[in-house]
Amino acid sequence: MRKRRNAHQKNSLQKNGIKKKAGLLVTIACLLVILVFWGKTTLSKSTSKTSSSDSVTLVKNEGQTYAYLKQTKLTGLQKIKGSTYYFDPSTGKMKTGLLTLDKGTVYFSPETGKMQYGLKKIDGYYYYFTKKDGTDDVVKAYQAVASKLKTKNQVIEGTIAAGLKLVGKSPYVYGGGRTDDSVANNEFDCSSFIAQMYRLGGQSLVYQFAASTTLLAQTGTSQSWTDKTRGDLLITPDDATEEEQHAAIYLGGGFILHDSTSTNGVNISRLNQVINSDVLGTMTWGQLFEQGHVRREV
């Protein structure tokens, strides 16, 4: 009786062991199926992402162009078949022309809607849109056309050449540029910068220690806004507020060379650029200077 019971127990244990092994094999098989399925799904999603731009369709409706990925309307910046477009975040309509986005000013062709790169002349002003992200670089725009703007006047060209050397290298210092040490350290504000650059060009406009927009407005000869030319001084009106008072050297082609807090020191700007939206709203450099003084020094 005991032998039969032991034999029975032995058989039961063997059967249980077989069942456990079978269960383990089934579990492993299920995991393998899940892993294979997951891998296929991941590969499918990855492929979909890389080929999504080829699946985008441009649709025209009532004179407007939209971009669709299947049934989804796309918005914002979109790269489609190698070209970058912009679609209004609210309506999805394709936007063209000059646009100010987070990174800066960009330009989309009015004919094709594609983002443009390189040198462009738009509404009388020169722009240079970088290949990196299409944003406007004013300094590069000026450099691209500078040879066309140069004169044969040594004083004007010497003055401008001296000032260009400080672009991006001389921070704005209120009241700076009126002592020998300050000048040696390239510490200027708008009026002392102009006085020193003209001095380096070979012509003294005012006493360096007394440079001011008021005194600069009394130098040279007065010119109309429409007759301004390379080397002329652009100076704000006599009744300009403290925040508005400024002076710059006109470079021609719609560019100015100046020292300003809004440009983080000596820099080149376009007359159609907004100065500082936080302080002066939508006012441009051109609007700031147009009602002021244009003084020809040479």
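**View 1. Asp136 and its polar partner Arg270.** The side chain of Asp136 makes a polar contact with the side chain of Arg270 at 2.7 Å, where a polar contact is a pair of N or O atoms within 3.5 Å, one of which, within protein, must be able to donate a hydrogen and the other to accept it, and where residues adjacent in sequence count only if both atoms are side-chain atoms. The model is predicted, so local features need pLDDT of at least 70 and side-chain atom pairs count only at pLDDT 80 or more, while totals for chains, interfaces and linings use all residues. Residues are numbered from 1 along each chain as its sequence is written, and side-chain values use heavy atoms, with hydrogens and water left out. Asp136 is found in the loop between β9 and α2, and with a relative accessible area of 17% Asp136 is buried (buried means under 20% relative accessible area, exposed over 50% and partly exposed in between, for a 1.4 Å probe and protein chains only). Not counting residues up to four places away in sequence, Asp136 touches Thr105, Tyr127, Tyr128, Phe129 and Arg270, a contact being heavy atoms within 4.5 Å.

**View 2. Helix α3 and its surroundings.** Helix α3 spans residues 154–164, and its buried residues are Val155, Ile156, Glu157, Thr159, Ile160, Ala162 and Gly163; helices (H or I, at least four residues) and strands (E, at least two) are DSSP runs numbered from the N terminus. These buried residues pack against α2 (138–149), α5 (190–201), β12 (247–252), β13 (255–260) and β14 (265–270). Asn153 caps the N-terminal end of α3, with a side-chain oxygen 3.0 Å from the backbone nitrogen of Val155.

**View 3. The crossing of α3 and α5.** The axes of α3 and α5 come within 7 Å and cross at roughly 125°, the axes being lines fitted to C-alpha atoms, for helices over the stretch in contact, with angles running from 0 to 180 degrees between N-to-C directions. That angle makes α3 oblique to α5, since angles under 35 degrees count as roughly parallel, over 145 as roughly antiparallel, 65 to 115 as roughly perpendicular and the rest as oblique. On the α3 side, Gln154, Val155, Ile156, Gly158, Thr159, Ala162 and Gly163 meet Phe193, Met197, Tyr198, Leu200 and Gly201 in α5.

**View 4. Phe255 in the largest nonpolar core.** The largest nonpolar core has 34 residues, and those with the most contacts inside it are Ile194 and Phe255; such a core is a set of buried Ala, Val, Leu, Ile, Met, Phe, Trp, Tyr and Cys residues joined through side-chain atoms within 4.5 Å. At least two residues of this core are supplied by each of α2, α3, α5, β11 (233–235), β12, β13 and β14, and the largest share, 6 residues, comes from α2. Leaving aside neighbours within four places in sequence, Phe255 is in contact with residues including Tyr126, Val138, Tyr142, Leu149, Ile249, Ile268 and Arg270. A second, separate core of 12 residues includes Ala248, Ile275, Trp285 and Val294.

**View 5. Two loop residues with positive phi.** Asp123, although not a glycine, has a positive phi of about 50°; Asp123 sits in the loop between β8 (118–122) and β9 (125–129) and is exposed, with a relative accessible area of 73%. Asn186, also not a glycine, has a positive phi of about 55° and lies in the loop between α4 (180–184) and α5, where Asn186 counts as partly exposed at 28% relative accessibility.
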